[in-house]
Amino acid sequence: MTTSSPSSLDAFKAEIDGIRWYDDPRSLELRSRDYYWYSPVLKGQLDDMRADIVVLPTTEEEIKRVAAAAVKCRLPLTLRGGGTGNYGQCIPLKGGVVMDLTRLDRVIAIEDGLVRVQAGARIARLDDAVRETGQELLMYPSTRTIATIGGFVAGGSGGIGSLRHGMLRDAGNMDYVKVVTVEDEPQVIELRGDEVQKVQHAYGTNGIIVEIGLALTKATDWIHTAALFDGYEQALRFCMETQENRLDLYLLTCVERRFSPYYRKFGDRFPADRDAVFAMVAPDDMARFCEKVEERGGSVSFSLRKDEIAGSGLQPAYECGWNHTTLQALKVDKSWTYLQVAYPYPFDPALAMRQMNRYGAEIYWHHEVAMMGGRIQIFALPLVKWHGKDRIDELMAEIERDGCTVFNPHVVTIEEGGMKQIDTAQIEFKRQADPYGLMNPGKTLGWTDAMARS
């Protein structure tokens, strides 16, 4: 779908002369995509969506030129990082311009407890850079090798590391964002402290994030490990006990045994007759971790440091949890989709077991342990057999009647999916940073065409 006329595209190309751009069909297809196909609903809605032109700026000044040209030619503007989002965040619903920011990738400064970085930097490269100073990132998505830090800030909520440091929007995790506005003469706005929430998880609808300041912590040589249990409830209760005993963990993922065929690299390390807990454990707490596993009747399947993982032929633990589970299953069996569930506090493992028994082979379960707002929060990202949209809607309603909150991954708007309500502060910031309403149109319910400057 497009609203761009040939004349407006020609005018846009003239305005950005000297900046790299592509409009061949292959480039447009590749850079108009993310992992939306996890959802059969979104696949049907978004398969035909394409940009009309892709631009690849390398500097802040080039970004300003692109923004000004988009305004002058009244072209929709959609931002793109690594394209690892699951909800169509970077898919242009109305055609126009996709701006790929992956060439804006400089690590600007690393200080004690803080890194300042350009938005297009790959997260794995960023983490490698800060580790050279004896520090590490507080959290990252399971797609860290591909994802950019700007995409994570604009589209993510948390992930690996959230057990230790909370969700991305929790206080202190991110303290600075530089934004370029999309107006006739683009301006630079610097957001600090809690103001960064104006653009965090806004899907790139209200300003071009060009720089980010993130908190760092002392680096830990995490041990990637798995523990096996004869029973999923045993595995869940073990996870809760590690938190009651304050073990120092960076990741804690509980995965039921029916996932075993999808974790092909693990073989007997994750057999089909055992439920698994994948974890990243601080070396000083590894002995206590093993003791707790034994007390619960489990066994440690493997324990390897990061530099030992590659030689073993295994995947790192951070690729065994969160939404990487969905990816691994879909590589083997395309009949799955997924849901995102937050459990009521305090978490009751018996509720998870009732749900497992209720749905049988229709849903395979795994649970993530995280910190949110200063207390333990349990999430699930279960695999769900696709039996049509009506059935998905029924499942979400049933799970919410259990007292859970379901974040619908089968919709494209911020509010219908993760946020659950309109963030008026983000919409007010959009009035300032994107007054013509050109940025990623169709992704927020809080903005209407009537709000746009004519």
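Author: A ground rule before we start: axes are lines fitted to C-alpha atoms, for helices over the stretch in contact, and angles run from 0 to 180 degrees between N-to-C directions. This is a predicted model, where local features need pLDDT of at least 70, side-chain atom pairs count only at pLDDT 80 or more, and totals for chains, interfaces and linings use all residues. Residues are numbered from 1 along each chain as its sequence is written, and side-chain values use heavy atoms, with hydrogens and water left out.

Reader: At what angle do α8 and α12 pack?

Author: About 150°, with the axes 10 Å apart. α8 covers residues 232–244 and α12 covers 349–359. Helices here are DSSP runs (H or I, at least four residues), numbered from the N terminus. The angle makes α8 roughly antiparallel to α12 (over 145 degrees).

Reader: Which residues meet there?

Author: Tyr232, Glu233, Leu236 and Arg237 from α8 contact Pro349, Ala350, Ala352, Met353 and Met356 from α12. Contact means heavy atoms within 4.5 Å.

Reader: Which residues of α8 are buried?

Author: Among them are Tyr232, Leu236, Phe238 and Glu241. Buried means under 20% relative accessible area (1.4 Å probe, protein chains only).

Reader: What comes just after α8?

Author: Arginine 246, with a positive phi of about 55°.

Reader: New topic. Where does isoleucine 160 lie?

Author: In the loop between α6 (149–155) and α7 (162–165). Isoleucine 160 has 0% relative accessibility, so it counts as buried.

Reader: What does isoleucine 160 touch?

Author: Leaving out residues up to four places away in sequence, its contacts include Leu138, Tyr250, Met280 and Trp322.

Reader: And how far is glycine 321 from isoleucine 160?

Author: 8.4 Å in space, C-alpha to C-alpha, but 161 residues in sequence.

How values were computed: Helix = DSSP H or I, 4+ residues; strand = E, 2+ residues; numbered from the N terminus. Parallel < 35°, antiparallel > 145°, perpendicular 65-115°, else oblique. Buried < 20%, exposed > 50% of the residue type's maximum accessible area, 1.4 Å probe, protein only.
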